[in-house]
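Trainee: I have not looked at this one before. Can we go through it step by step?
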Amino acid sequence: MKRIMIYMAVLLMGISMSNGEVAAQEADETRIYTIVVDRFLNGNSRNDINVTDDEDAPLPFGGDFEGIQNNLDYIQGMGFDTLMLSPVFDKADDDYLGYDIESYGEIEAAFGGAEAFQNLIDAAHGRDMEVIVDMPATAADGYTTLGNPVLNDLQQSYYDMIGAEFIDLNNADNQAQYRQMVQNFVDEYDVDGLSMTVIQDGIDAGTFMPEDVTTYGIIPDASISAEGFDHMSDPALTDALAESFSTTDREIPAHPTDGTLLFADHWFSDRFTKHAVEENMFPGTRISQLTAYLYAYPGPIAFQYGTEVALNGDDIPHVHRQMDLWTDQEVVDYIESLNDVFSQHPNMFQGEMDVLKNEDGHYVQRYRNSDVDFILNLNDTSVTENVEIPIESQDEGKMLSGLLIGDLLRSGDMEGDAFLAVLDREETELYAVIEERGFNNGYIYAGLIIFGGFGIFIWLVARKRRPREE
């Protein structure tokens, strides 16, 4: 009975906290689900061209726009509000990834063509989701080519296979032609954003991208510098995230404050799962910890399709395996629960962040806001960890209420002038700093009446069924 009473009181506190928070402005961070169109799901076999089921052959698997549209519930349920698609333009029939461009003026028929593409965009917009398309720099007719692209090993392997040449995006004529092509594409299909996997050093996206869409620069190699994108990835930070979360007890990079695009893998990188497997760690736990860190970042993140079901791979074409829904439902459920919590508290991203601890995989960060502060406690170590969370002047008379696990820290859980938080290995908790509340007597009395009445009912039934004495 005592456990039931405590459970009811905790539930009540959660409800009260949710209803009592001041409404906050909508957060502006973007949660991107990146998709290799051909390798997601085949929604319409009538548009299949050169499709194979041989994972060793770099041929199409038949994924298309309809396959993505049919699974928007799944994607949005995990909290992703944006799709980032691999190139959608008319390509060679034996190319699956989409960079062997034959015409920038047409949408790939094997993906469903222009009508299916527009249907996907309309369906996404109907859910308040946005669509980003990755723009190739593959040379087509009329462009001056680039002589020295900067490619990582995966890119080199793929581009050698398709024999591609590249557009010199520092050439003024190329810039004008490319910009007009992209503007026509955005205007025709109402695309929300554009990304580019940068293969040329020193480019400025402002010279060849339209101004009325958000742009993302994917930087796969540390030797490349670029500017003019609204958000850019940092290859050193990408590598650090993959290495940090592939195992335990490694220092975690602090969240950037400049809008850097965060991710741990991309379709031109090794799969994050590969790093965890090499460390002999359970991928599901590693993915869950990584996701908690990403979702707690007040800026854009990108999460590659299939990471949630631990797709593995480190070469072309195995890094782009076919999506396998429901393979690791436990991880998907955890991501959905993360989304439920963070979507209920967008105000946590409206203030400043302070890192309270960052040591060997234990990362503690405070989010300061005008109404409710939040504290992220991410224990990515191999042992149970304690941390003293300093009590500030505005914290007097308050408690820490855990939103992910349900941990509650009251004034009795203090060590000097700090809350003493204890967290098991490889777990994450997010606390809200709220006014300390006792148990709600009304709810407790109601519980006593309900359960007491039920107990009396059972006793009476049992007594009635007891055989009478002769």
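This is a predicted model: local features need pLDDT of at least 70, side-chain atom pairs count only at pLDDT 80 or more; totals for chains, interfaces and linings use all residues.

Trainee: OK. Where does Arg39 lie?
Mentor: Arg39 is in the loop that runs between β1 (31-35) and α2 (65-69).

Trainee: Is Arg39 buried or exposed?
Mentor: Buried: the relative accessible area of Arg39 is 0%, and the cut-off for buried is under 20%.

Trainee: Which side chain does the Arg39 side chain make a polar contact with?
Mentor: That of Asp38, at 2.8 Å. Beyond four places in sequence, the contacts of Arg39 include Ala57, Phe61, Tyr96, Tyr305 and His320.

Trainee: Switching to the core. How many residues has the largest nonpolar one?
Mentor: It has 121 residues, and Tyr33, Phe117, Tyr178 and Phe185 have the most contacts inside it. A second, separate core has eleven residues, among them Val364, Leu409, Phe419 and Tyr431.

Trainee: What does Phe117 touch?
Mentor: Leaving out residues up to four places away, Phe117 touches Phe65, Leu85, Val88 and Phe185, among others.

Trainee: And the sheet, what is the strand order?
Mentor: The sheet is open, with seven strands in the order β12-β10-β8-β5-β2-β1-β13 and parallel pairing. At the edges are β12 (231-232) and β13 (301-304), each pairing on one side only.

Trainee: How many bridges do β8 and β10 pair over?
Mentor: Five, in the parallel sense, between residues 193-197 of β8 and residues 214-218 of β10. Thr197 stands opposite Ile218 of β10.

Conventions. Residues are numbered from 1 along each chain as its sequence is written. Side-chain values use heavy atoms; hydrogens and water are left out. Helices (H or I, at least four residues) and strands (E, at least two) are DSSP runs, numbered from the N terminus. Buried means under 20% relative accessible area, exposed over 50%, partly exposed in between (1.4 Å probe, protein chains only). A polar contact is a pair of N or O atoms within 3.5 Å; within protein, one must be able to donate a hydrogen and the other to accept it, and residues adjacent in sequence count only if both atoms are side-chain atoms. Contact means heavy atoms within 4.5 Å. A nonpolar core is a set of buried Ala, Val, Leu, Ile, Met, Phe, Trp, Tyr and Cys residues joined through side-chain atoms within 4.5 Å. Two strands pair if DSSP finds at least two bridges between them.
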